[in-house]
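Hi,

Here is the structure I promised to pass on. Have a look at it when you get a moment, and my notes follow below.

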Amino acid sequence: MAPTVLHSKLPLTENCHHYDDIHEVPHDIQKYWHQRYNIFQHYDYDIHLTDDAWFGVTPEPVATRIARDLSPSTPNHTTLIDIFAGAGGNVIAFALSEKWERIIAIEKDASTLACAQHNAEVYGVLDAITWVHGDSFEYLAQAKNDQSNLDEAIRIDPDTTTVFASPPWGGVNYRDHEIFDLSTMEPYNLEHLHKACHPMEHVLFLPRTSDIRQIAKLVPDGVKIDVVQYCMEGASKAMVAYMPTAQI
Ligand code: MGP
């Protein structure tokens, strides 16, 4: 799906929900609904999610901390792209951090993207983000190779761009593995994600049990990287790998 820049808000659809009462909430997401204020502290201000988005949305304290930890690596490193924007958990925190001149959010599901825009408006950052409806891999391929078909609003300089990726993990099966094999992650495994983002600086939001040796194998000899466990209430929620540009 070719990346399309949105110049206005997509309408919320019948798949976008704001649940006020537990009785409305599908059984498999009730656990997340109970944590709704940890996920979005302003949940009551009409935050909307698709049912699928509840599983993958980054809780606000974690998203805020990542946004604090991720700074432009050089003064002219001014563009941040969230290639799996989902319902907006991370991109809203990035916009609130006010560290980036330009933030691009890409999401391929129109209903989820409508939720993200709506939620960004709730948090007052709708206009701080360039919203793109489309496939991130198609976008990255064009951005790295030939930008002539891209809308000017999303042309980038790969040397001064950071990519943030919080991909689907293929469900919650990662919990069954003491060490999660990132080569089996569905639908995009570690190598696929890394290749798509490389040579740009990129940040990967991965299952907390991910095999750190597989991440280390992607890094040139002697290069130090940060791989961070982000915790809430005494438990890790995710492992985040900060991968430098290929120039290092
Ligand atoms: P979780 O799998 O429900 O683990 O998600 P938790 O909360 O430890 O469950 P419990 O039963 O052990 O209490 C934890 C966090 O991981 C979520 O809040 C999301 O931030 C993140 N997360 C979970 N999944 C399945 C995904 C995913 O597919 N993609 C991304 N990007 N994040 C996910």
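Strands β2 (residues 79-82) and β3 (residues 102-107) run parallel to each other and are joined by 4 bridges. Within that pairing, isoleucine 81 has isoleucine 104 of β3 as its bridge partner. Please keep in mind that this is a predicted model.

Zooming out, the two strands belong to an open sheet of 8 strands with mixed pairing, in the order β1-β4-β3-β2-β5-β6-β8-β7. β1 (4-5) and β7 (226-232) are the edge strands; each has a single partner strand, so one side of each has no neighbour in the sheet.

Where does the ligand sit? The space it takes is the largest pocket. There are 18 residues around the ligand, and those that come nearest are Tyr32, Ser166, Tyr174, Arg208 and Lys237. By type, the shell residues split into 10 nonpolar, 4 polar and 4 charged. Two helices, α1 (30-34) and α3 (53-56), each contribute at least two residues to this shell.

Which protein atoms lie by oxygen atoms of the ligand?

- Tyrosine 174: a polar side-chain atom is 2.5 Å from a ligand oxygen.
- Tryptophan 169: a backbone N or O atom is 2.8 Å from a ligand oxygen.
- Valine 57: a polar backbone atom is 3.1 Å from a ligand oxygen.

As for cover, the ligand taken alone exposes 650 Å², and the protein buries 83% of that.

Happy browsing, and best wishes

Definitions and conventions:
Residues are numbered from 1 along each chain as its sequence is written. This is a predicted model: local features need pLDDT of at least 70, side-chain atom pairs count only at pLDDT 80 or more; totals for chains, interfaces and linings use all residues. Side-chain values use heavy atoms; hydrogens and water are left out. A residue is near a molecule or strand if one of its heavy atoms lies within 4 Å of it. A polar contact is a pair of N or O atoms within 3.5 Å; within protein, one must be able to donate a hydrogen and the other to accept it, and residues adjacent in sequence count only if both atoms are side-chain atoms. Accessible areas come from the Shrake-Rupley method with a 1.4 Å probe; for residues, only the protein chains shown count as cover. On a 1 Å grid over the protein atoms alone, a cavity is a set of points where a 1.4 Å probe fits but cannot get out, and a pocket is an open set with protein on both sides within 12 Å along at least five of seven lines; lining residues have an atom within 4 Å of a point. A molecule sits in a cavity or pocket if more than half of its atoms lie within 2 Å of its grid points. Ala, Val, Leu, Ile, Met, Phe, Trp, Tyr, Cys and Pro count as nonpolar, Asp, Glu, Lys and Arg as charged, and the others, Gly among them, as polar. Two strands pair if DSSP finds at least two bridges between them.
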